[in-house]
There are 2 protein chains.
Amino acid sequence: MEEQIESVGKAFVDHYYNLFDTNRPSLASLYHPSSMLTFEGQKLQGTDDIMRKLCELPFDQCLHSITTIDYQPSCFAGAILVFVSGNLQLACQEHPLKFSQMFHLIPIQGTFYVQNDIFRLNYG
Amino acid sequence: MEEQIESVGKAFVDHYYNLFDTNRPSLASLYHPSSMLTFEGQKLQGTDDIMRKLCELPFDQCLHSITTIDYQPSCFAGAILVFVSGNLQLACQEHPLKFSQMFHLIPIQGTFYVQNDIFRLNYG
């Protein structure tokens, strides 16, 4: 059970940040109409609003590198909580930004979607 | 609904860190036998194990100051996700440590308990 959670969580994290860094619009496949994103305190709901925000961020090229990933089963059957910390390197900046992000992954038809997503930069 | 979530979440965060800083053993009242804590990657489950870990941390006096709090409703009826960033000042250190922490709060009998708790220091 614990291995499965880590396996799913790790695969999700790799997939999510790879899409973010290489083909941001395709992140839409990971959200649902009920999904919520809180990005630096700004609240967005639903795939359309979330994707508009993510695609309008004031940088094009970026590279996420992950420092830590923690996983826990949620109380909802089969759901997983994932907590990530890492660095976000922007093409336009010399030094990477540190960030923390959590995801609540809900199982559906053999895969998972992001129901809850909270992102914060960790200012130095 | 959103106001209620913020109100509950804010009250929880204030209460949690106040207990942590002034009477750490009393945090036991916020956990259940099913609760999970991942503390800097170490996994603990159940009130007893969680409290042993929190009370054995290698510092006595500390003061949490909160920088940001984000809230979202979870998919489980009435449950709340809380995402906190802040500083942890230890009596034995000159500079505060930055941390991020998430809680999954589950309603029970008019109050909430912590089902999921993930804590990470954000190293500079």
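Reader: In what kind of contact do the side chains of K43(B) and E6(A) meet?
Author: In this predicted model, the N to O distance between the side chains of K43(B) and E6(A) is 2.7 Å. That lies within 4 Å, the cut-off applied to a Lys or Arg nitrogen and a carboxyl oxygen of Asp or Glu. The contact is a salt bridge.

Reader: Why does the pair of K43(B) and E6(A) join two chains?
Author: E6(A) belongs to helix α1 of chain A, and K43(B) belongs to strand β2 of chain B. The two residues sit in separate chains, so the pair joins chain A and chain B.

Reader: How many salt bridges are there between chain A and chain B?
Author: The structure holds ten salt bridges over all chains. One that crosses between the chains is the pair of E6(A) and K43(B). Between chain A and chain B the count is six.

Reader: How many residue pairs are in polar contact across the interface of chain A and chain B?
Author: Both residues of a pair must be at pLDDT 80 or more to be counted. Under that rule, the interface of chain A and chain B has 15 residue pairs in polar contact.

Reader: Which element gives the largest share of the side of chain A that touches chain B?
Author: The elements of chain A that give two or more residues to this side are α1 (2–22), β1 (31–39), β3 (62–73), β4 (80–90), β5 (97–108) and β6 (111–121). By class, the side of chain A that touches chain B has twelve nonpolar, twelve polar and seven charged residues. The largest share is six residues, and it comes from β5(A).

Reader: Which three residues supply more than any other three of the area that chain A buries against chain B?
Author: The contact takes 31 residues from chain A and 31 residues from chain B. The area buried between the two chains is about 2600 Å², and carbon and sulfur atoms give 61% of it. Of the area that chain A buries against chain B, 24% is supplied by Q72(A), C75(A) and F83(A).

Reader: Which are the edge strands of the open sheet in chain A?
Author: The sheet has six strands with mixed pairing, in the order β2-β1-β6-β5-β4-β3 of chain A. An edge strand pairs on one side only. In chain A the edge strands are β2 (42–45) and β3.

Reader: Which residue in the turn between β3(A) and β4(A) has a positive phi?
Author: β3(A) and β4(A) pair in the antiparallel sense over eleven bridges, and C62(A) has L90(A) in β4(A) as its bridge partner. The two strands form a hairpin with six residues between them. The residue in the turn with a positive phi, about 85 degrees, is G78(A).

Reader: Which residue of β6(B) does M36(B) stand opposite?
Author: Strand β1 (residues 31–39) and strand β6 (residues 111–121) of chain B run parallel and are joined by five bridges. In β6(B), the residue opposite M36(B) is N116(B).

Reader: Which residue in the turn between β1(B) and β2(B) has a positive phi?
Author: β1(B) and β2(B) pair in the antiparallel sense over four bridges, with Q42(B) in β2(B) as the bridge partner of F39(B). The hairpin leaves two residues between the strands. The residue with a positive phi, of about 50 degrees, is E40(B).

Key: Residues numbered from 1 in each chain as written. Chains lettered and ligands numbered in written order. Predicted model: local features only at pLDDT ≥ 70, side-chain atom pairs only at ≥ 80, totals over all residues. Heavy atoms only, no water. Contact = heavy atoms within 4.5 Å. Buried area = accessible area lost by both parts, 1.4 Å probe. Polar contact = N/O pair within 3.5 Å; in protein donor to acceptor, adjacent residues only side chain to side chain. Nonpolar A, V, L, I, M, F, W, Y, C, P; charged D, E, K, R; others polar. Pairing = 2+ DSSP bridges.
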